[in-house]
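Hi everyone, thanks for making time this morning. Let me put the model up on the screen, and then we'll walk through a few local features together.

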Amino acid sequence: MTRSIAFVGAGPTTIYTLHALLRQEPPPFELTLFEKQASVGRGTPYRPGWNDPAMLSNIASVEIPPLEETLVDWLDRQSDDRLAELHISREQIDDRAFYPRVLLGDYFYDQLHAMLDRATRAGVMVNVRTRCEVVDAISADDGMTLVVRPEREDVFKTRFDHVVLATGHQWPDQPEVRPGYFVSPWPASEIEKIPACRIGIRGSSLTAIDAAVALAVSHGEFVDDGEDGLVYAPCADTHDFHMTMLSRKGLLPEADFYFPIPYEPLAICNDEAIEGLIAGQNDDLLDQAFALFKQELAAADGAYAQQVGLDRLNMEEFCDGYFAERMAAAPFAWAERNLAEAKADYEARRTVAWRYAILRMHEVIQNLIPHLDDADFQRFSRFFKPVFVDDYATVPHESIKRMLALHKAGKLDVMKVGENYRIDSHRAESGAVLHLDGELVHFPVFIEATGQRALAAKDFPFASLRDQGIVRDVAADQERGPARGIVLDDQFHPISPDIPDDQLFCLSLPFIMGRHPFIQGITSSCEMGRVVGAELAAAVVRESAAVGEPASHARGMALS
């Protein structure tokens, strides 16, 4: 009667969920990991080939929740030769440092395998199935049946008591869907084949920066010249190489800023206050939350509040004003000033209070989202959400240096396109044509780099769960309602009377972004993992007790 648990996907979300599960020391169970790739543990954002070694993660070491060990401890115990393979020196190891994505992939790979070894020693029956794609999932009263397609074997079916869908980002393996038109900048190995030409990149966030860096290192190199700092040296015969980032607001992201970790508590706009607003069930929930936001911001930084006239602003006015000064400046001139300020703050360990207050409030405000009506959800998405995203989606200083170096070398510009533009990728010529203010601009190569978008139930990769009515959209009965993801509860169970409790958990990023708009990578993987790990552990304990098994046989399983 040993309970069986399957994870579909074996990246960071699965790793943190499994870590949380094993920390509960449940009775032994059967664990199966299904992974389409050749190895487990790295996940799409961190695996080699998919990412160029030059691509940086935008999370500092100190922010990465530890698993078997912290990232810094893991780096400290690597040999000098392995550090060289990872493109860092021992002197660069620091808990505030940003590292290449592929380095984080190696860390997660090692952590997962250490965790699986420890689980096996504690009595968990571990089965890792790589090069196996799960193509369907069917719910029944006695469990979840997965339909699995191995790379070189026949399709088979297998049943589990509990299944966690952690399939991560959804990008095509071949991003060039039409000649010169790429629907994503991944895998980087495909982007790096693009010849030196005029290239359009939709977006200017870290995803777009990833694309620009992959292109730049395939047509030149970044060099520290000792005088002007980082410069870009293009290869010979790359005169036609030029990139244009298309940005609605015409902005680059700002440089990562210094702040205390862990977060200091909020005094006004905190979890308790937001829960109180939700309990009140008032029609003006979003505006009431914005009033709390203003109070917290003013208490944190009175000078900033006075400077922007915060007390007189409604949500739309504040959010427009938040970007106004930057939009009035040249993007690279602003980036250079902002980088200098951020570097000075890091050296002085100085926190910009208003930035830090907004950063801390985004997770609190997120709790409102399931309770907003469609009109306020659209207001939130258009005005309030961009402020929080801009504040938390800052990028490593090295990324800003690279963008400045490319611009100074004449290889990169940012174009403001506003809201009324159109991209036409179905013309006879390759790439795409930008329609803007009556003008046509042709890019022989065009890359979509605005990041993962939210997907609806119709895009869910397991058709039987849709057909069974278990996976459905939040606003499935509204033809014109905004996309708000699939119907889930706070424990990430699909809400349906047709599926037993605790049988299925959905942690697949594109389908939960409507309910959780600030999902941002590793920290979100950890937070979701804690919820689902605790649910799984409770289910295993409960089901073991029901058949008369001891509550725990897992001595020695506790993880750090």
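Let me start with burial: a residue is buried under 20% relative accessible area, exposed over 50%, and partly exposed in between, using a 1.4 Å probe and protein chains only. Please keep in mind that this is a predicted model, where local features need pLDDT of at least 70, side-chain atom pairs count only at pLDDT 80 or more, and totals for chains, interfaces and linings use all residues. Residues are numbered from 1 along each chain as its sequence is written, and side-chain values use heavy atoms, with hydrogens and water left out.

Cysteines, then. Cys506 is buried, at 1% relative accessibility. How far is the sulfur of Cys506 from the closest cysteine sulfur? The distance is 19 Å, to Cys526, and that is too far for a bond. A disulfide here is a pair of cysteine sulfur atoms within 2.5 Å, and by this rule the count is zero disulfides. Cys197 is likewise in no disulfide, the nearest cysteine sulfur being that of Cys235, 15 Å away. Cys197 is buried too, with a relative accessible area of 13%.

Now a helix pair. Helices are DSSP runs of H or I with at least four residues, strands are runs of E with at least two, and both are numbered from the N terminus. Helix H8, residues 285-300, packs against helix H13, residues 374-392, at an angle of about 20 degrees, with the axes 11 Å apart. Those axes are lines fitted to C-alpha atoms, for helices over the stretch in contact, and angles run from 0 to 180 degrees between N-to-C directions. H8 is therefore roughly parallel to H13, a term for angles under 35 degrees, with over 145 being roughly antiparallel, 65 to 115 roughly perpendicular and the rest oblique.

Which residues meet there? From H8 we have Leu286, Asp287, Phe290 and Phe293, and from H13 Asp376, Arg379, Phe380, Phe384 and Phe388. The residues of this contact divide into six nonpolar, no polar and three charged. In that scheme Ala, Val, Leu, Ile, Met, Phe, Trp, Tyr, Cys and Pro are nonpolar, Asp, Glu, Lys and Arg are charged, and the others, Gly among them, are polar.

On to two single residues, with contact meaning heavy atoms within 4.5 Å. Ser399 sits in helix H14, residues 397-408, and is buried at 3% relative accessibility. Leaving out residues up to four places away in sequence, Ser399 touches Leu56, Leu206 and Ile209. His169 is in the loop between strand E7 (162-165) and strand E8 (176-178), and is partly exposed at 30%. Setting aside neighbours within four places in sequence, His169 contacts Pro45, Gln452 and Leu509. The C-alpha atoms of His169 and Pro510 are 6.6 Å apart, although 341 residues separate them along the chain.

Finally, some backbone geometry. Most residues other than glycine have a negative phi, and most peptide bonds are trans. Where does this model depart from that? The peptide bond from Trp186 to Pro187 is cis, with omega near -5 degrees, and the one from Ile261 to Pro262 is cis with omega near 0 degrees. His87, not a glycine, has a positive phi of about 65 degrees and is exposed, with a relative accessible area of 55%. Asp237 has a positive phi near 60 degrees, and is exposed at 72%.
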